[in-house]
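Here's a quick briefing to read alongside the sequence and the 3D view. Take a look at the fold before going through the points.

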Amino acid sequence: MIDEIKKRLKSLNPVRLEIIDDSHLHEGHAGNSGGGHYTIIIKSDLLEKQNRIQSHRQIYDLLDDLIPQKIHALQIKVEK
């Protein structure tokens, strides 16, 4: 899944991209239908001038069809 997320976020031309699988921290919690938990740390000139909502929306749009079946939760950190 990490490779798939990286592939999709490549269109943002990231200078830095780190994806951490946090799924093991959330095993068995209520409401999780099997998708993973991930932290995305990204630095991209394309996101730099956007506010938090705009940059998160752009990332979610790229991953939309993976949520919630393959991705249950995302923590997004955009570095400026």
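Helices here are DSSP runs of H or I with at least four residues, strands are runs of E with at least two, and both are numbered from the N terminus. Keep in mind that this is a predicted model, where local features need pLDDT of at least 70 and side-chain atom pairs count only at pLDDT 80 or more, while totals for chains, interfaces and linings use all residues. Residues are numbered from 1 along each chain as its sequence is written, and side-chain values use heavy atoms, with hydrogens and water left out.

- Ile5, Arg8 and Leu9 are the buried residues of H1.
- Looking down the axis of H1, these buried residues fall within an arc of 95 degrees, so they line one face of the helix; the arc is taken from the directions from the helix axis to the C-beta atoms.
- As background, an α-helix has 3.6 residues a turn, so residues three or four places apart point the same way.
- The buried residues of H1 pack against E1, strand E2 (36-44), H3 and E3.

**Arg8 and its neighbours**

- Arg8 sits in helix H1 and forms a salt bridge with Glu4, with the closest N and O atoms 2.6 Å apart. A salt bridge here is a side-chain nitrogen of Lys or Arg within 4 Å of a carboxyl oxygen of Asp or Glu.
- Glu4 and Arg8 are four residues apart in helix H1, so about one helical turn separates them.
- Glu4 is partly exposed, at 24% relative accessibility.
- Arg8 also meets Asp65 in a salt bridge between their side chains (2.4 Å, N to O). That pair links distant parts of the chain, with Arg8 in helix H1 and Asp65 in the loop between H3 and E3, 57 residues apart.
- Asp65 is exposed, at 53% relative accessibility.
- A salt-bridge network links Glu4, Lys7, Arg8 and Asp65.
- The backbone oxygen of Leu62 lies 3.3 Å from a polar atom of the Arg8 side chain.
- Leaving out residues up to four places away in sequence, Arg8 touches Leu62, Leu63, Asp65 and Leu66 (contact means heavy atoms within 4.5 Å).

**Salt bridges elsewhere**

- How many salt bridges does the rule give? The count comes to five.
- One of them joins the side chains of Arg16 and Glu79 (2.3 Å, N to O). This pair also links distant parts of the chain, with Arg16 in strand E1 and Glu79 in strand E3, 63 residues apart.
- Both partners are partly exposed: Arg16 has a relative accessible area of 32%, and Glu79 has one of 27%.

**Backbone spots to check**

- The peptide bond from Ile67 to Pro68 is cis, with omega near 0 degrees. Pro68 lies in the loop between helix H3 (52-63) and strand E3 (71-79).
- Asn13 has a phi near 50 degrees, which is a positive value in a residue other than glycine.
- Where does Asn13 lie? Asn13 is in the loop between helix H1 (2-9) and strand E1 (14-21), and is exposed, with a relative accessible area of 55%.

Definitions and conventions: Buried < 20%, exposed > 50% of the residue type's maximum accessible area, 1.4 Å probe, protein only. Polar contact = N/O pair within 3.5 Å; in protein donor to acceptor, adjacent residues only side chain to side chain.
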